Amino acid sequence: MINIRNTKEVRMLIAKDGCKIKEIFHPRNSPLNAMSLAEAILDPGKSTKYYYHKKSDEIYFILQGTGIVEIDGEKRKVKKNDCILIKAKSKHRIKNFGKVQLRILCFESPPYSDEDTILLPT
């Protein structure tokens with residue numbers, strides 16, 4: 001069976017880190033069990049909360065916009081077509097400093113869970 005999803009048809013949620021997300025493929029809605037794929041959306045001027053994952057490694061792929069990613073205290077500018085590797089236990093956040101939505105594909109393994117997401121004081 002071929003699984004195809006159009007992101008325009010996926011329901012928008014608010015993730016524990018505060019950004020808008022669309023869970024494209026996740027064990028809750030697909031035959032996957034080892035990873036998940038979501039689209040995260042940050043409006044101009046918005047930032048995710050500072051957090052880490054206990055178990056999940058994560059890859060961000062920037063689809064649109066510009067921002068600043070912070071990982072374990074190091075900050076870097078990011079833009080369309082950049083890929084960011086975030087290892088489990090790395091404290092991180094991302095901020096949209098552009099004039100358009102920052103759209104990010106987020107790959108996680110093991111799959112995203114609120115229980116694995118630990119919010120930190122800023």
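**Close-up views of a predicted model**

**View 1. Asn96 and its surroundings.** A polar atom of the Asn96 side chain lies 2.8 Å from the backbone oxygen of Val100. This is a predicted model, in which local features need pLDDT of at least 70 and side-chain atom pairs count only at pLDDT 80 or more, while totals for chains, interfaces and linings use all residues. Residues are numbered from 1 along each chain as its sequence is written, and side-chain values use heavy atoms, with hydrogens and water left out. Asn96 belongs to strand β9 (residues 92-96), strands being DSSP runs of E of at least two residues, numbered from the N terminus. Asn96 counts as buried because its relative accessibility is 0%, the cut-off being under 20% relative accessible area with a 1.4 Å probe and protein chains only. Beyond its neighbours within four places in sequence, Asn96 is in contact (heavy atoms within 4.5 Å) with residues including Leu42, Asp43, Pro44, Thr66 and Leu102.

**View 2. The largest nonpolar core.** Among the 17 residues of this core, Tyr60, Ile62, Ile84, Ile94 and Ile104 touch the most other members; such a core is a set of buried Ala, Val, Leu, Ile, Met, Phe, Trp, Tyr and Cys residues joined through side-chain atoms within 4.5 Å. Two or more residues come from each of β3 (36-42), β5 (57-64), β8 and β10 (102-109), and β10 gives the most, with 3 residues.

**View 3. Contacts of Ile62.** When residues up to four places away in sequence are not counted, Ile62 touches, among others, Val78, Asn81, Ile84, Ile94, Leu102 and Ile104.

How values were computed: Helix = DSSP H or I, 4+ residues; strand = E, 2+ residues; numbered from the N terminus. Buried < 20%, exposed > 50% of the residue type's maximum accessible area, 1.4 Å probe, protein only. Polar contact = N/O pair within 3.5 Å; in protein donor to acceptor, adjacent residues only side chain to side chain.
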